[in-house]
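Look at the structure first, then read the points below.

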Amino acid sequence: MDRILVTGAFGQIGTELVPALQKKYGKDAVIAHGHKNIPPDADVEVVTFDIREEGKLEETIQKYNVKTIYHMVSLLSAVGERDPSVTWDINMNGLKFVLDLAVKHSIKVFWPSSIAAFGPTTPRERTPQHTVMAPTTMYGVTKVAGELLGQYYHKKYNLDIRSIRYPGLISWKAEPGGGTTDYAVAVFYEGLKTGHYTCFVRPDTTLPMMYMDDAIRGTMALMEADPSRLTIRTSYNFAALSFTAEELAEELKKHIPLNVDYKPDHRQQIADSWPMSIDDSVARQDWDWKHQIDLSAMTKTMLIELRKKFGMKS
Ligand code: AKB
C-alpha cells in the first residue's frame, strides 16, 4: 500500500492535517513523524526521530512504502531568531534530505512556505505572487531558499513538489509555537480563560490570516490538483483574511468580556516587515483556491470549540 508521511505531524498544522488525510485516504495510509511531545493518545502510526537523521527517514520511506511526504517540520519566525544556525540546520538541511530521498524514491512532496518569505522592501498591500523577496528573519531566509531549492529540484529532477505561502493560521486543536502571528490565537485562549490579553504587537498591526480548516482544505486541494495546471513550483501566495490586532479583539468582544492591552516586543519588527494582505489570484486560477471562512465565522467557531476543550459552559 502506498502511504503518506507527515513530518512534524504534532505541530499546529500537522495535528489537523493527519486526521484530514486519514479521513480522505484511510487511517492506515498515513504515518505521523514527530520528534518531541508525541501525544500518548495519537490515533495514527507514529515514527520518532530528528529529521536531520537521514538514515531514519529513508528507513521509514522504505518500511512503509511512502509515496507522498508533507514535510511540515520547521522552526518558526520568532523562535528561529534565538538560534539562527539551528534554524538553518533544521529548516534547510531537513528539507534537502527530504528532497534528495524524494527524488531517489519517486515521492511527491508538499512543503510549507510562508508570508515570512517576504521582507520590508516587498510591497505590503496585495503582495503579488512575483515580487521582491528579501526577508530579514532566518526563518524567512530558509523559506526563500527552500522555495528556490524546490523549484530547482522540480526543473532538474522532475520532482513533483508543491508549496503554499501560509499566512498566520488560527486554530483551536493545537496552539502554534514560536511564531509572530501567534497573538491571533493566544487572544482566544487567554481571553476565554482570564478575560484579559496582553498583545505583543501594536493594535494597528495588520497581517494576513486564515482559519485552519481553510488551510487544510487548500493544502489538500493543491496536492490533488492536475500538475499540468500548476504554473508555480516555488510557492503559491495563499490568502483568506486580513485584519488588525484590534479588529480581532473587537470581534471577540462581541461574544466575551475582554480587556486587551498592547505591549509590543521584538516580534513587532518582524510583523512590520511582512505583508498586510496577499494577492493570491494565481492560486485561485491554477487550482481553484477559494477561502470559505470569514472573521465572524472563525471567531464563533473558535469560541465554541475552545469552550468545549476547556470544559466551559457555552
Ligand atoms: C510565524 O508567525 O512565524 C508563522 C508564519 C506566518 O509563517 N505563523
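In this predicted model, a backbone N or O atom of Thr 180 lies 2.7 Å from an oxygen atom of the ligand, a polar contact (a pair of N or O atoms within 3.5 Å). The protein buries 93% of the 250 Å² that the ligand exposes when taken alone; such areas come from the Shrake-Rupley method with a 1.4 Å probe.

**Ligand surroundings**
- The side chain of Ser 77 has an N or O atom 2.6 Å from an oxygen atom of the ligand.
- For the side chain of Tyr 139, the distance from an N or O atom to a ligand oxygen atom is 2.7 Å.

**Domains**
- An automatic or database assignment gives domain 1 (3-168 + 210-237) and domain 2 (170-209 + 241-276 + 293-310).
- The C-alpha centres of domain 1 and domain 2 are 24 Å apart.
- Their contact (heavy atoms within 4.5 Å) takes 26 residues from domain 1 and 28 residues from domain 2.

**How to read the values**
- Residues are numbered from 1 along each chain as its sequence is written, and side-chain values use heavy atoms, leaving out hydrogens and water.
- Local features need pLDDT of at least 70 and side-chain atom pairs count only at pLDDT 80 or more, while totals for chains, interfaces and linings use all residues.

Technical notes. A polar contact is a pair of N or O atoms within 3.5 Å; within protein, one must be able to donate a hydrogen and the other to accept it, and residues adjacent in sequence count only if both atoms are side-chain atoms.
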